[in-house]
Amino acid sequence: MAVFSLIFGWACHALWYLFFIVLIAFLGYSLYIKHIHMKYDHIPGPPRDSFFFGHTSTFLREMKAERVIHEKFLEWAETYGPVYRLNGLHHVILVVSCPEATKEILMSPKYPKDKFLYKRLFHLFGQRFLGNGMVTARNHEQWYKQRRIMDPAFSSLYLRGLMGTFNERAERLMDKLADFADCKKETCMLHLVNCVTLDVIAKVAFGVDLDLLKHTDSPFPKAIEVCLEGMVYHVRDVFFQLIPKNWPFVNEVRQACKLLRDTGYRWIQARKTAIQNGEEVPKDILTQIIKSADKGDNRYNTNDEEFMLDNFVTFFIAGQETTANQLAFCIMELGRHPDILEKARKEVDDVIGMKQEISYDDLGKLVYLSQVLKETLRLYPTAPGTSREVHEDMVINGIHIPGGVTCFSSYVTSRMDKFFKDPLTFDPDRFHLDAPKPYYCYYPFALGPRSCLGQNFAQVFPHRLREPFLLRLATRPQQTLHICSQWGAVLAPCYSPFT
Ligand code: HEM
């Protein structure tokens, strides 16, 4: 009995100590949040929803209502000016739409990508995802080494050699559409361009023929879609995976990630074997990925293998949805504007005529079509934002900024009437050669050293797909157009069937 009461006494003491420790930690954390508020509250910003969670509930509300979060950023930029503050726990994000600050921060290599966002993408709900790949690498040396090795696979010289694949895939899509037209069947354009873009990336980047227009049961397109959706929940809601009703989705995301990495593992092993056997292999992204992990002795440990897979997943994620959605948005805007469609069609007719094989140089002559593409990315920058950590104090638009995470959204600046007149009007002539160039307020491929590596690729391939489309599009697409909202990592068009 005495022993029992002794243990009981100790347990009570321990509980009291624990309670005090938790209380002190809680008070300490609250004071720290207060300190952060005091440090940043001179910067304008919307009122916080709560002391602890800052603006988090607004984000969650917007996501739940399936609205585009960048619309909210835009609304706040109009109200609070060129730099405003958002809070969440002890984190502060500064949303910047001031062109001078955008130039200074994005063009400089000295500001790394921010820890909070890019480190969180290392894993998705516990499954390794983008790891230390090119998009998420924060260490300058590590990133620079990868970028140098990857560059040749994106040079215009290399892209010229890919025109055959682009031509062939474009024709396959046209054949597929002709089949639908002959049977007078409805189809979903977004799905088709998704498949064909994925096909092209798999072929030109990894040397693999997926032929998704034929093999419609492939789990690949769905896996990428699920990972992108998972990314958003994983980044925006730190408690997401703790809620039991979300577990089936969390599991689906983990499986999708695993599918991408397992596939990458098989393709990388096959290519390594080919290299070791002295076979001639293309100098594509897959070969460059293997080179980027090579330390000169052709031996790879587990870390190297994981690193190669990071980049494998990175290229699929960075390249596929962004390009496919851009194409889908473009086709739909053309459908809404018969005059622009006609002008683009005439240009394609003049430059290409009935040529079957289109050359790289032909694409350079499609000036108006380029403008259409630029204007599409202005209204629908499919990868709308990026962020950087600024470690030193600076002044933005007369406001003292004590360092912190700065966030940039091309969606926001592209839709502000102080930068673009009648911003919601689709007008490719804004990008006419004689028109003034937008000054650091239009950056769908980001800017500076960390700008999109696939930029050239993303301009050539959609061009190649649009031409036959323009020439053969007999009726206006009947698809409805608005932006798919539940995501936000990549802007996607919502669609109804295309007839
Ligand atoms: C319309 C299509 C595309 C758009 C709008 C786009 C946009 C972007 C943006 C905004 C970034 C910066 C991301 C950040 O800071 O977090 C980026 C980076 C990147 N993109 Fe793209 N992208 C497109 C297509 C592609 C394609 C086709 C590929 C490759 C196949 C690709 C590969 C990359 C890579 C590797 C990076 C990281 C670059 C670095 O940090 O050095 N992108 N892209």
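Okay, two housekeeping points. Residues are numbered from 1 along each chain, as its sequence is written. Because this is a predicted model, local features need pLDDT of at least 70 and side-chain atom pairs count only at pLDDT 80 or more, while totals for chains, interfaces and linings use all residues.

Let's start inside. By nonpolar core I mean a set of buried Ala, Val, Leu, Ile, Met, Phe, Trp, Tyr and Cys residues joined through C-beta atoms within 7 Å. Buried means 20 or more other C-beta atoms within 10 Å of a residue's own, exposed means 12 or fewer, and partly exposed is in between, with C-beta atoms placed from the backbone. The largest core here has 79 residues, and V193, A205, C227, M308, V313, I317 and A328 have the most contacts inside it. Which helix gives the most to this core? That's α13, residues 302-336, with 17 residues. There's also a second, separate core of 25 residues, with I43, L74, L94 and V96 among them. As background, nonpolar side chains in soluble globular proteins tend to be buried together.

A word on names: helices are DSSP runs of H or I, at least four residues, strands are runs of E, at least two, and the numbering goes from the N terminus.

Now, what does α12 do beside α13? The axes of α12 (residues 285-293) and α13 come within 9 Å and cross at roughly 145 degrees. Those axes are lines fitted to C-alpha atoms over the stretch in contact, and angles run from 0 to 180 degrees between N-to-C directions. From α12, I285, I289, I290, S292 and A293 meet D304, F307, M308, N311, F312 and F315 of α13; contact means C-beta atoms, placed from the backbone, within 7 Å. That contact has eight nonpolar, two polar and one charged residues.

On to the loops. Most residues other than glycine have a negative phi. D211, in the loop between α9 and α10 (220-236), has a positive phi near 45 degrees. A446 has a positive phi too, near 60 degrees, and sits in the loop between α17 (410-414) and α18. Is A446 buried or partly exposed? With 17 C-beta neighbours inside 10 Å, A446 counts as partly exposed.

F52 is in the loop between α1 (2-40) and α2 (56-64). Leaving aside neighbours within four places in sequence, F52 is in contact with I33 and L89. F52 and G88 are 36 residues apart along the chain, yet their C-alpha atoms are separated by 6.9 Å.

Last one: M354, in the loop between α14 (338-352) and α15 (360-364). M354 is exposed, because it has 6 other C-beta atoms within 10 Å.

Technical notes: Two residues are in contact if their C-beta atoms, placed from the backbone, lie within 7 Å. Ala, Val, Leu, Ile, Met, Phe, Trp, Tyr, Cys and Pro count as nonpolar, Asp, Glu, Lys and Arg as charged, and the others, Gly among them, as polar.
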